Each structure stands twice: as structure tokens, then as C-alpha cells.
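Dear colleague,

Please find below the structure that I am handing over to you.

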Amino acid sequence: MNSRPKMSRFDQMRAMASSMFKQRRKPNPALAISPADSDLNGKTVAFTGGTDGMGRVAVELLHKMGATVILLGRNEAKGQALIDELGSNVRFVHCDLVSLESVRSAASKVLADYPEIHVLVNNAGVNLGDRQETPEGFEAHWVINYLGSYLLTNLLLDRLQASAPARIVNVSSATEALGHINFDNLQLERNFSTGKAYSQAKLALNMFTIHLSRQLEGSGVTVNALNPGFIKSNLLRDLKGKERVGSILMLLFASPALVGADRIVRLAVSSAYEGVSGQFVFEDAARLPNPEALDDTIVERLMEVSRAQAGLEG
Ligand SMILES: NC(=O)c1ccc[n+]([C@@H]2O[C@H](COP(=O)([O-])OP(=O)(O)OC[C@H]3O[C@@H](n4cnc5c(N)ncnc54)[C@H](OP(=O)(O)O)[C@@H]3O)[C@@H](O)[C@H]2O)c1
């Protein structure tokens, strides 16, 4: 599927560093979404992480284009504040990605109330600063940044297929290049760091994207992963110790939320991405992901583990 030569890990890291310091103050006008693609009347978008950061701005853009937006979030007050601001065609559905039970209950509400879903944006993500175990026994970065989205997508998949053409956007990160799937220590009980947990989960999301794109071939549903760029947001606010340097770099060098939001919306609706699937869009152009994501044996093994963890077997 990918004919471009593989980038070495060094090249990946260099690209990541250069993207961090390449600040863009506004969305690239040369890539603006055409008026024809901007009419989303009659379209339904399910969106996680739409209550803050770049996701909130992306929701505003999608709503302005006429889409009905389902905000899948953990904080009802923040969801309600956004609904009050935007008015009609936005609804909050409680979905705390830290809990697979919450994801299941959110998915059943969405399926009960929305006969069509044209776009699913898995945007929610965290950098927690320490190791936290969820009541269901997972390391929290793993479930919030990956497994929750994996489960949500699978539960909404039939509805997306029935609504085709449809798109799934998985918001990943440049740090996937630093990631490694630690099959013998997936929940990072040993040698934990936030960076390791976050990059492992984002790499897993890229692997899921590739796997799912194959499964969806010919279905009219596309799925891509996105590195939205280095964007000012709340993402790094909980980092501790030497990892706090990330939040200082963010203050100094990151682009405004609109830049990341524009990239999310473009991948979700622009005809420039029509039929494009299984790609890692790095800001504005497709790029090869971490070599581990191109290793079918590793991807298949991760999918088996994920199915079992999410209780999707049988
Ligand atoms: N900012 C960057 O430079 C950057 C770079 C690469 C990738 N990303 C990715 O971009 C995405 C958006 O992040 P951001 O930078 O906009 O960060 P942000 O400002 O911290 O926003 C994160 C969003 O995720 C939601 N969220 C967090 N935990 C959740 C949970 N357990 N259940 C449901 N929703 C939850 C938050 O909800 P609340 O409103 O309730 O807090 C918020 O809406 C993330 O996936 C992040 O990993 C960001």
C-alpha cells in the first residue's frame, strides 16, 4: 500500500523536531476547504475531545458548515457551555474515554438516536504526568489515547458503513515516531514515563488506522490518522519534572488552535482527501509512520490484544 521509502527513526525524530518549531500563525490558505465541501447540512459528525483545545475550534467550524455535531465528552458543564454558544444541532453525550463501560453506553445512545453518522473524529487525548490505573485495570494513557477510541470506532462502524460515504479521523501525534509497542509491558507497570505511554498509545492508534483501512476497503468509509502539528492547548498542563519543558515550548512555539482545527476539519470533509485511506497525514501531507506500524506481524498482534482488551471477541 505504501510505496514511499521507509524513514529511519532518526529521520522521523528530526521531522518531528522541525515540525515543532515551524510555527504557522494561520491555516494555510492554499489548502482552504472549497465552498462545495463546506456545506455539511444533513451530515452528522460524532466528535470526541470537542470541549476544549483544537477540538473545540474544529467543532465550531463543523457546526458553522451546517453539520449536526455529537459532542462525546467527559465534562457535561463544558459541553453545555458550548451548546449554549452554538445553539441548535449540537448535543452532548457523556463519554469518558477512561472507562470502556462509559464508551459502550455512549455508543448505544448515539446508535439509538442517530440513524446516520457520516464522520467520526477521535480527537480526545491526554498527557497525564504520572501513571494512573483505571478501575478496569488499564494504564490511563493507553485507554484514553487509544483503546477507548478503538472500541468507540468498532461500536459505531456498522452505522458509519450504512451512512457511506463516511470518514474516520484519528488524531494521532508526531510523537508516534518515538513509540514502541511493549507487548510484555503494555500497561507500563515497569519503567513508566508519560512520554513512553503517550507515544505508545499514539503509535497503536496509527496501527489501528492502517488495519481498519484494509478492513474497510470498498465500503465507502475511509480512515486516516493525523498529526495536527504543535498546537497551543491544555494538553501538556499536567506534565511534571523535566517533562514540563514541553509546556514551555508550547507557549513559545506552538501554533494557535485554529491551525490544528483546520487540519482536522480538512481531513474530515475536504474532497482533497476523497478516497484516501490508511494514511498518516502529518499536518498537511501524508507521511510514512513509525516503521513498527508498517510491520504487519506487529499490527496483527496488537489488533488481537486490542480485541481482547476491549471485549470484542466472540
Ligand atoms: N496540542 C498539540 O500540540 C498536539 C500535538 C499532537 C497531537 N495532539 C492531539 O490532539 C488531540 C487534541 O488535543 P489538544 O491539544 O486540543 O488538547 P486539550 O486542549 O487538552 O483537549 C483535549 C480534549 O480531550 C478531552 N478529553 C481528555 N480526556 C478525556 C476523557 N477521559 N474522555 C473524554 N474526553 C477526554 C478533553 O476534555 P475536557 O474538555 O473535559 O478536558 C478535551 O476536550 C489529542 O488527541 C492530542 O493528543 C495535540
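The protein chain of this predicted model has nine helices and eight strands; helices (H or I, at least four residues) and strands (E, at least two) are DSSP runs, numbered from the N terminus. Residues are numbered from 1 along each chain as its sequence is written. Because the model is predicted, local features need pLDDT of at least 70 and side-chain atom pairs count only at pLDDT 80 or more, while totals for chains, interfaces and linings use all residues.

As to overall dimensions, the C-alpha atoms of the protein chain fill a box of roughly 50 × 45 × 45 Å along the principal axes. The radius of gyration of the protein chain is 18 Å, which agrees with the value near 20 Å that a compact globule of 314 residues would have. This radius is taken over C-alpha atoms, and the globule rule is 2.2 Å times the number of residues to the power 0.38. Of the 314 residues, 47% count as buried. A residue is buried if 20 or more other C-beta atoms lie within 10 Å of its own, exposed if 12 or fewer, and partly exposed in between, with C-beta atoms placed from the backbone. Among contacts with a separation of 6 or more, 73% are between residues 24 or more positions apart; two residues are in contact if their C-beta atoms, placed from the backbone, lie within 7 Å.

Strand 2 (residues 68-73) has six of its six residues buried. Thr-68, Ile-70 and Leu-72 lie on one side, and Val-69, Leu-71 and Gly-73 on the other. Strand 1 (residues 44-48) runs parallel to strand 2 and is joined to it by five bridges; two strands pair if DSSP finds at least two bridges between them. Thr-44 has Thr-68 of strand 2 as its bridge partner. Between strand 1 and strand 2 the chain passes through helix 2, in a right-handed β-α-β crossover. The crossover from strand 2 through helix 3 (residues 76-86) to strand 3 is right-handed.

In strand 6 (residues 221-227), seven of seven residues are buried. Six bridges join strand 6 to strand 5 (residues 166-171), and these strands run parallel; Ile-168 stands opposite Val-223. The chain goes from strand 5 through helix 6 (residues 194-215) to strand 6 in a right-handed crossover. Strand 6 is also parallel to strand 7 (residues 280-282), with three bridges, and Leu-226 has Val-281 as its bridge partner.

Pro-228 is found in the loop between strand 6 and helix 7 (245-253). Pro-228 counts as buried because 28 other C-beta atoms lie within 10 Å. Beyond its neighbours within four places in sequence, Pro-228 is in contact with residues including Met-54, Val-171 and Arg-263.

Around the ligand there are 30 residues, of which Gly-49, Thr-51, Gly-53, Gly-125 and Ser-233 come nearest; a residue is near a molecule if its C-beta atom, placed from the backbone, lies within 6 Å of it. Helix 2 (residues 53-64) gives the most to this shell, with three residues.

Yours sincerely

Note on methods: Right-handed = clockwise from strand over helix to strand, strands pointing away.
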